[in-house]
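Colleague: Can you take me through the sheets in this one? I have the file open.

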Amino acid sequence: MRGILDDLASGRHRGVIVDSPPGAGKSTLVVRTAAVLAASGEPLMIVAQTNEQVDDLVERLSARFAAELPGARIGRLGRAGYVPSPRLAELTNVVTASDVGGLGEPAVTISTAAKWTYVRDGTWPWAIIDEAYQMRSDTLLAIASRFERALFVGDPGQLDPFSTVTNDRWHGLVWNPMQSAVAVLQRTNPDLPVHRLPVSWRLPRTAQAVVADAFYPFTGFRTGTDFGERGLVLPGRGDRPVDEVLDIAAGTGWGLLELPARHTVRTDAEAVAAVAALTRRVLERGTVARSGGEETLVTADRIAVGAAHRDQVVAIREALGDDRIVVDTANRLQGREYEVTVILHPLSGRRDATAFHLEAGRLCVLASRHRQACLVVARAGIRDLLDAHPTSDPVHLGEPVRFPDGWAANQAVLAHLASSRVQV
């Protein structure tokens, strides 16, 4: 981090890029950089991709500023009629408004990329672009006039930028708006320095091999903990399949609850019920997370459930009936971490393997939110489905090839889960 800050402060480049695997300290870097720049007296803007990411950063910035810069304020820019979330409402050094003028002159102004595209007044000496690999290049172009120098921080292995319209017409063009902000930045500024954070402090040692091999084949990473330093402690025993999956995950960090092979509708009632039952069982058994010499009860707010589609999310929420547990899509879980995650595999019960469901970044997000264990629910037959639908995406001239390949990434993850499988 010192090297990154030195490179940023040197003034030799208008931008610095930082690549990071899951949980390697992107948010810590963003907060630390913001504090250093704010302490120098120069205001800065921060761009994140979702409101959840913005609120997470605001909360962390508030705590850091309260300790180191008690007079500095943080401006949270929101949409018209924006009401701060309960966790931000009580922060005395945070001011909120729907336009830049209503914030006064905060040391840091932070909002989503979508909101920043509507800002037409003001420039900042510095900008920090968080989750820059998930930002579309046209969005970066829309806000580039607002700052002079920038730090681009992101995870190259996770979700690509997405759009609700088809993008066939732009394939191969230099100005393709669907390329990530970092891809276009490097294409037009090949001399920009690139740093890499090499250690994941979130993922346990049991996740290093599968996540690094499947989603980061060229850069890799290591975890900050070794085997045996983390794990789940499960009081009591049970004789149901969900209990067997939990017992396996307590030792291996992974568990696969495999339902019978069947083609189903997207909101597969049996799979939804299995996800809900497995999630509830984590709480019912009084699961304890062990990290080093500390043991902490896994409460509902430290569990997340992930799925590929919004209708699946709605169905799982209704089946769970517990608002304390976060249930959301991969897009909205990105950048967050929990002790235990339960995921519905994107290809479970499907007849085909579309580009959406095969996207490596989607599975990477779902499989890399946990500190202790990841529990997967899926129907049998996914590997056969993958074999029946090999990668067939066309190669476009002038278009960067996307790595890792989603087909290969799914095969690698499923091969690893085979040793942690419990069949229903």
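**Sheets and packing**

Modeller: This is a predicted model.

Colleague: How many bridges join S13 to S14?

Modeller: Four bridges, with strand S13 covering residues 288–291 and running antiparallel to S14. Within that pair, Val288 stands opposite Leu297 in S14.

Colleague: Now the eight strands. What order are they in?

Modeller: S4-S3-S5-S2-S6-S7-S1-S8, forming an open sheet with parallel pairing. Strand S4 (94–97) and strand S8 (194–196) are at the edges with a single partner strand each, so one side of each has no neighbour in the sheet. From one strand to the next, the twist averages 20°.

Colleague: And S6 with S7, parallel or antiparallel?

Modeller: Parallel, over six bridges between strand S6 (residues 124–130) and strand S7 (residues 147–154). Ile129 is the residue opposite Phe152 in S7.

Colleague: Which strands does helix H1 touch?

Modeller: Helix H1 (residues 2–9) packs on the sheet and touches strand S1 (15–19), S6, S7 and S8. The direction of H1 makes about 160° with that of S1.

Colleague: Where does helix H2 lie?

Modeller: Across S1, strand S2 (44–48), S6 and S7. Helix H2 spans residues 26–39 and runs at about 155° to S7.

Key: Residues numbered from 1 in each chain as written. Predicted model: local features only at pLDDT ≥ 70, side-chain atom pairs only at ≥ 80, totals over all residues. Heavy atoms only, no water. Pairing = 2+ DSSP bridges. Helix = DSSP H or I, 4+ residues; strand = E, 2+ residues; numbered from the N terminus. Axes fitted to C-alpha atoms, helices over the stretch in contact; angles between N-to-C directions. Contact = heavy atoms within 4.5 Å.
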